[in-house]
Amino acid sequence: MFKCLRSGACCAKYEVRGVVGYPEGIKPEGKPCIHLIPPTYDEKKKGWHKAFCKIHDTDEYPEECKQFVIPGENFNCGLGLSEWKEKYHVIDTNLLLD
């Protein structure tokens, strides 16, 4: 079973069609989606709240996003693993809250 690590990397890296709020419904490549809430560090809990999409569980969630899968180690998203390690310096996925 594939596990999304909710780094938000795919929400910034790729062009996506069918996204509400963009001209012609196309989110441009290389720019974070306007619906993305990026990861935040919780100082009290000493861990990361994962990224999330404001329209994820709505009818407006794009089909392309529903089908997006990048396999990695232990069925975790490879893109998410690299994003957490490189950008946020999180090696231990147990530090990911929620």
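**Reading the predicted model: a tutorial**

Tutor: In this predicted model the mean pLDDT of the chain is 90, and 99% of its residues reach 70 or more; pLDDT is the predictor's confidence in each residue, from 0 to 100. Local features need pLDDT of at least 70 and side-chain atom pairs count only at pLDDT 80 or more, whereas totals for chains, interfaces and linings use all residues. Residues are numbered from 1 along each chain as its sequence is written, and side-chain values use heavy atoms, with hydrogens and water left out.

Student: Which elements have the lowest and the highest mean pLDDT?

Tutor: The lowest mean, 84, belongs to β7, and the highest, 97, to strand β2 (residues 26–27).

Student: How many helices and strands does the chain have, and what makes a run of residues count as one?

Tutor: There are 3 helices and 7 strands. Helices (H or I, at least four residues) and strands (E, at least two) are DSSP runs, numbered from the N terminus. Along the sequence they follow the pattern α-β-β-β-β-β-β-α-α-β.

Student: What radius of gyration does the chain have, and how does one know what a compact globule would have?

Tutor: The radius is taken over C-alpha atoms, and the globule rule is 2.2 Å times the number of residues to the power 0.38. For 98 residues a compact globule would have a radius near 13 Å; the chain has 14 Å, which agrees.

Student: Why is tryptophan 84 called buried?

Tutor: Buried means under 20% relative accessible area, exposed over 50%, and partly exposed in between (1.4 Å probe, protein chains only). Tryptophan 84 has 2% relative accessibility and therefore counts as buried. Tyrosine 88, with a relative accessible area of 15%, is buried as well. Of the 98 residues of the chain, 34% count as buried.

Student: Which residues of helix α3 are buried, and what covers them?

Tutor: In α3 (residues 78–86) the buried residues are Leu79, Gly80, Leu81, Glu83 and Trp84. Their cover includes α1 (10–13), β5 (47–49) and β7 (96–97).

Student: What makes tryptophan 84 and tyrosine 88 a tilted pair?

Tutor: The structure holds 5 aromatic pairs. In this one the ring centres of tryptophan 84 and tyrosine 88 are 5.1 Å apart and the planes stand at 50°, so the pair is tilted. Rings of Phe, Tyr and Trp (its six-membered ring) pair if their centres lie within 6.5 Å; planes under 30 degrees apart count as stacked, over 60 as edge-to-face and the rest as tilted. Ring pairs link Tyr41, Trp48, Trp84 and Tyr88 into a cluster.

Student: How do you know that β5 and β7 pair?

Tutor: Two strands pair if DSSP finds at least two bridges between them. There are 2 bridges joining β5 to β7, and these strands run parallel. Histidine 49 has leucine 97 in β7 as its bridge partner. The open sheet of 3 strands has the order β4-β5-β7, with mixed pairing.

Student: What makes β4 and β7 edge strands?

Tutor: Each of β4 (40–42) and β7 pairs on one side only.

Student: Is isoleucine 55 buried or exposed, and with which residues is it in contact?

Tutor: Isoleucine 55 lies in the loop between β6 (52–53) and α2 (63–66). Its relative accessible area is 7%, so isoleucine 55 is buried. Contact means heavy atoms within 4.5 Å. Leaving aside neighbours within four places in sequence, isoleucine 55 is in contact with Val20, His35, Glu60, Tyr61 and Pro62.

Student: Why is histidine 35 called buried?

Tutor: Histidine 35, in the loop between β2 and β3 (36–37), has 11% relative accessibility and therefore counts as buried.
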